[in-house]
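Hello,

Here is the structure we talked about handing over. Please look through it first, then read the notes below.

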Amino acid sequence: MKDQTTIKLKEIGLKVTPQRQAILKLLEGNQTHPSAERIYSEILRQFPGISFATVYNTLSKLVEAGEIQELDIDPNKKRFDPCIKSHYHFYCKVCGKVFDIVFDNPFPLEIKRIDGHRVDAIQLNLKGVCKECKRKR
Ligand code: ZN
Ligand code: MN
């Protein structure tokens with residue numbers, strides 16, 4: 001039986017392997033914006049012996065294919081988001097969590113050109129201390 005992960009991997013031109021399917025499954029609907037290291041440690045539990053490179057390469061290919069997006073918000077590592085719509089993020093400098101942010105009057109995230117420049121990507125990143133960490137202080 002073909003599931004979504006099989007179809008997606010085929011579309012991208014990646015060989016369908018249980019490891020890659022597990023990576024896609026893990027990312028599906030995932031709102032924690034995990035790092036490659038985080039994803040790797042999860043996948044390692046299901047597939048002992050899998051290399052970090054395998055996981056990282058799969059993530060890179062998924063980004064290239066536009067299936068997931070890579071966020072430049074965490075100063076220490078890339079974070080990944082299965083939601084490919086342009087949206088805002090808030091990064092907590094204390095716990096490292098990344099939250100989706102919704103504005104009432106949003107900055108236009110869909111602009112394709114500005115002042116004659118071509119826009120390929122827009123990321124609006126807010127940084128600070130999340131409400132949970134703020135409460136603990
Ligand atoms: Zn926090
Ligand atoms: Mn997000």
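What distance separates the centres of domain 1 and domain 2, taken over C-alpha atoms? The centres are 23 Å apart. This is a predicted model, in which local features need pLDDT of at least 70 and side-chain atom pairs count only at pLDDT 80 or more, while totals for chains, interfaces and linings use all residues. Residues are numbered from 1 along each chain as its sequence is written, chains are lettered from A and ligands numbered from 1 in the order in which they are written, and side-chain values use heavy atoms, with hydrogens and water left out.

Overall layout

Domain 1 covers 4-71 and domain 2 covers 83-136; such bounds come from an automatic or database domain assignment. The chain has five helices and seven strands, where helices (H or I, at least four residues) and strands (E, at least two) are DSSP runs numbered from the N terminus. In sequence order the pattern is α-α-α-α-β-β-β-β-β-β-β-α. The C-alpha trace spans about 45 × 45 × 25 Å along its principal axes.

Between the domains

Domain 1 and domain 2 bury about 630 Å² between them, 45% of it on carbon and sulfur atoms. Buried area is the accessible area (1.4 Å probe) that two parts lose on being put together, summed over both. On the domain 1 side, H33, Q69 and L71 supply 71% of the area buried against domain 2, more than any other three residues.

Between the two domains there are zero salt bridges, a salt bridge being a side-chain nitrogen of Lys or Arg within 4 Å of a carboxyl oxygen of Asp or Glu.

Pairs of side chains

The structure as a whole holds seven salt bridges. One of them joins E67 and K8, with the closest N and O atoms 3.7 Å apart. E67 sits in the loop between α4 (52-64) and β1 (69-71), and K8 in helix α1 (residues 4-12), 59 residues apart.

There are also four aromatic pairs. Rings of Phe, Tyr and Trp (its six-membered ring) pair if their centres lie within 6.5 Å; planes under 30 degrees apart count as stacked, over 60 as edge-to-face and the rest as tilted. Y88 and F103 form an edge-to-face pair, 4.8 Å centre to centre with 80° between the planes. Y88 lies in strand β3 (residues 88-92) and F103 in the loop between β4 (98-101) and β5 (113-114), so this pair ties together parts 15 residues apart in sequence.

Regards
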